[in-house]
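Please consult the sequence and the coordinates shown below alongside the text.

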Amino acid sequence: MFGVWAPGEDVAKLTYFGLYALQHRGQESAGIAVSNGRQILVYKDMGLVSQVFDETTLDSLKGHLAIGHARYSTTGASTWENAQPTFRPTPGGSIALGHNGNLVNTHELRDLVEALPGPDDELELHTRPAQESTNDTSLVTALLAHHPDSSLEQRAIEVLPLLRGAFSFVWMDEDTLYAARDPQGIRPLVLGRLERGWVIASEDAALATVRASVVREVEPGELLVIDESGLRSHHFAEPTPKGCVFEYVYLARPDATISGRNVHEARVEMGRRLAREFPVEADLVMPVPESGTPAASGYAQESGIPFGQGFVKNAYVGRTFIQPSQTLRQLGIRLKLNALEHMIRGKRVVVVDDSIVRGNTQRALIRMLREAGAAEVHVRIASSPV
């Protein structure tokens, strides 16, 4: 997710570059919403950021305030209807919202939405076909959009404590940018400063891309509000920090810093500890590229076993973990990696990967190493079991 409040700047292009820097977090759909102070325009489609947007589209999105989203679906099908930002009319204008995370009390939230008074055409989530709204994000958008007797800011303070699970949000109305993070701070969210405005992003690497300086992380249980009056902060819940370890293992970019720790350094250290806890006599430490490389280098440093590349990677294939279907994932592994036979034949190899999610990759890789003539294959996984 990415959000920017910066009058006088080309906010659509800043958002595009911010999303481009965050593409690793989701490749299914991309969207940008922009406000010129009178109305919000939303443009979104299935595909990568660079496929969804071109120069003409970005030039048509004029305004002082924007949010953007690149989606990896957790709740809800990978369809255009579930692409974000979501959009809804409100009593005084409209709202566009992007969400990173996964809520666990969607049944309760759906009941709350169905109980809302108001015109059926605005709030008829319960009568819509399932394919139109199958994610938790649309429920939150509907709850926030209903604020006939209060401001959106006040409504957020009422709604956010009702949500359970992981949520980092950026959302906007016609003139204000909002951001919020769940009380456990499960998904990252960071605040940055431009010369003439503010930026919110899932990772600080996106701030560097648009030349914004890092101010701080959005705190767990915090709501930020940014408008022409400046920046306001509310704490809607007591913080109980329990960040997601998978950010350090796989999800975040290596140049990101989360909770004060550089992600690349954390990954190398996981490899060092792996070597101490699970040593082995071998001839070569090799990573599963790219995600296993930092841990493999740490394992090699700690063990003294030479580090080398045993796989060659096709640079044009995306992340197999984030592919939507099992068939695509299994096909994708062979498209993505091939064994370097001259590096492997006759050797005892330690193959280091960041994690095992489904086991598809691991099974195929070990078969490949055996076929390439490895004398022994020792698997080491950097992520602790979750």
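Which residues have the most contacts inside the largest nonpolar core? In this predicted model, they are Phe2, Val4, Ile32 and Phe53, and the core itself has 28 residues. At least two residues of this core come from each of β1 (2–5), α1 (11–21), β2 (29–35), α2 (49–52), β4 (65–71), β9 (190–194), β10 (197–201) and α8 (204–209). The most is given by α1, with six residues. A separate core of 25 residues lies apart from it and includes Leu152, Ala156, Phe169 and Tyr178.

The surroundings of Val4 can be listed in detail. Once neighbours within four places in sequence are set aside, Val4 is in contact with Val11, Leu14, Thr15, His64, Leu65, Ala66, Leu177, Leu194, Trp198 and Val199.

**Overall composition**

The protein chain contains 14 helices and 20 strands. Of its 386 residues, 53% are buried. When contacts between residues at least 6 apart in sequence are considered, 67% join residues at least 24 apart.

**Helix α7**

Which residues of helix α7 are buried? In α7 (residues 152–159), these are Leu152, Glu153, Arg155, Ala156 and Val159. They are on the same side of α7 because they cover an arc of only 160° around the axis. An α-helix has 3.6 residues a turn, so residues three or four places apart point the same way. The packing partners of the buried α7 residues are β6 (93–103), α6 (136–145), β7 (165–172), β8 (177–181), β12 (222–227) and β13 (230–235).

Three strands, in the order β16-β19-β20, form an open sheet with parallel pairing. At its edges are β16 (284–287) and β20 (376–381), each of which pairs on one side only. From one strand to the next, the twist averages 25°. Strand β19 (residues 348–353) runs parallel to β16 and is joined to it by four bridges. Within this pair of strands, Pro287 stands opposite Val352 in β19. Helix α14 (residues 360–371) lies across β16, β19 and β20, and runs at about 155° to β20.

**Backbone geometry**

| Site | Feature | Value |
|---|---|---|
| Gln84 and Pro85 | cis peptide bond | omega about 5° |
| Pro289 and Glu290 | cis peptide bond | omega about -5° |
| Arg211 | positive phi | phi about 60° |
| Ser259 | positive phi | phi about 50° |

Pro85 is located in the loop between β4 and β5 (86–90), while Glu290 is placed in the loop between β16 and α11 (293–303). Arg211 is not a glycine, although its phi is positive; it lies in the loop between α8 and β11 (213–217).

Is Arg211 buried or exposed? Its relative accessibility is 77%, and Arg211 therefore counts as exposed, since the cut-off for that class is over 50%. Ser259, likewise not a glycine, is found in the loop between β14 (257–258) and β15 (261–262). Because its relative accessibility is 54%, Ser259 counts as exposed.

Conventions: Residues are numbered from 1 along each chain as its sequence is written. This is a predicted model: local features need pLDDT of at least 70, side-chain atom pairs count only at pLDDT 80 or more; totals for chains, interfaces and linings use all residues. Side-chain values use heavy atoms; hydrogens and water are left out. A nonpolar core is a set of buried Ala, Val, Leu, Ile, Met, Phe, Trp, Tyr and Cys residues joined through side-chain atoms within 4.5 Å. Buried means under 20% relative accessible area, exposed over 50%, partly exposed in between (1.4 Å probe, protein chains only). Contact means heavy atoms within 4.5 Å. Two strands pair if DSSP finds at least two bridges between them. Axes are lines fitted to C-alpha atoms, for helices over the stretch in contact, and angles run from 0 to 180 degrees between N-to-C directions. The arc is that of the directions from the helix axis to the C-beta atoms.
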